[in-house]
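Okay, thanks for coming, everyone. Let me put the structure up on the screen and then walk you through its pockets.

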Amino acid sequence: MQTEEVDILAFGAHADDVEIGMGGTIAKYTELGKKVVICDLTKAEMSSNGTVESRLKEAEKACRVLGVAKRVNAGLPDRGLFLTPEHIEMVAGIIRKYKPKVIFAPYPVDRHPDHGNCAKLVEEASFSAGVRKFRDSEQQDPHKAEAIYYFMINGFHKPDFAVDISGQIHQKISSLESYSSQFKVKEGTFQTPLVGDYIDSVVSREKMIGKEVGVDYAEGFFSTKPLLLSEDLLGGRK
């Protein structure tokens, strides 16, 4: 398997997870020329609305909005993201293929179990990907990302740090609107927590986080280790 080094590899359990949590941040970094790959672990075949085919088309449209270099799907079972050796090997192989500088995954505290399970699976796979003697199906070289960060999907939590997306909020909204099967009310739509004003609630959350850090809109993230600032506390670069 040919490797492709990227700056950011963002994992979600389903298509639209990454856009909900960090669509603005992705747009911000692709505008800066950074290479971003999204990996959806499942095809969302258990979704109450939409089909596998429609979700794939919506995901492709969202990627074009955000400037994502590539979107891949691990093909793991929806509602079946468990810590099995096979699943860990699959995700570790994806990490080794793309050799990201930074990995993003859903914040483990979430109403949807798949989101928390996605985070645990990515954590395990990320560790295994860096172990020299761990063998994936393609027998790729080990790779250890510089960091794993976590983004919010459902709910609101006080983040460890935030990214200013004031200039990218409209791209984030547009990427979410790409998923018409999930967020728009139409004939035959099954009522889920996503239908109706969900996008508005996400935008309100980013506005609230932005207010906390003195900008119009920001996305919040979590880190398992301390962050080293590139600027001193007075704003001067070192």
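So, to start: by class, how many nonpolar, polar and charged residues does the lining of the second largest pocket have? Keep in mind that this is a predicted model. The answer is nine polar, seven charged and five nonpolar.

Let's stay with that pocket for a moment. The second largest pocket holds about 370 Å³ of space. There are 21 residues lining it, and the closest to its centre are Ser 47, Ser 48, His 112, Gln 182 and Leu 194. As for helices, α1 and α4, which covers 113-129, each put at least two residues into that lining.

Now on to the largest pocket. Here we have about 810 Å³ of space. Its lining is made of 24 residues, and those nearest the centre are Tyr 29, Tyr 149, Phe 161, Val 163 and Leu 228. By class, you get 14 nonpolar, eight charged and two polar residues.

Where does that lining come from? At least two residues each are supplied by α1 (17-31), β4 (102-106), β5 (147-151) and β6 (161-164). The biggest giver is β6, with four residues. And notice α1 again: α1 supplies at least two residues to the lining of the largest pocket, and at least two to the lining of the second largest pocket as well.

One last stop, away from the pocket talk. His 170 sits in helix α5, residues 169-177. Is His 170 buried or exposed? His 170 counts as exposed because its relative accessible area is 66%, and the cut-off for exposed is over 50%. Between His 170 and Thr 84 there are 39 Å in space, C-alpha to C-alpha, and the two are 86 residues apart in sequence.

Conventions. Residues are numbered from 1 along each chain as its sequence is written. This is a predicted model: local features need pLDDT of at least 70, side-chain atom pairs count only at pLDDT 80 or more; totals for chains, interfaces and linings use all residues. Side-chain values use heavy atoms; hydrogens and water are left out. Buried means under 20% relative accessible area, exposed over 50%, partly exposed in between (1.4 Å probe, protein chains only). On a 1 Å grid over the protein atoms alone, a cavity is a set of points where a 1.4 Å probe fits but cannot get out, and a pocket is an open set with protein on both sides within 12 Å along at least five of seven lines; lining residues have an atom within 4 Å of a point. Grid points are joined across faces, edges and corners, and a volume is the space filled by probe spheres set on the points. Ala, Val, Leu, Ile, Met, Phe, Trp, Tyr, Cys and Pro count as nonpolar, Asp, Glu, Lys and Arg as charged, and the others, Gly among them, as polar.
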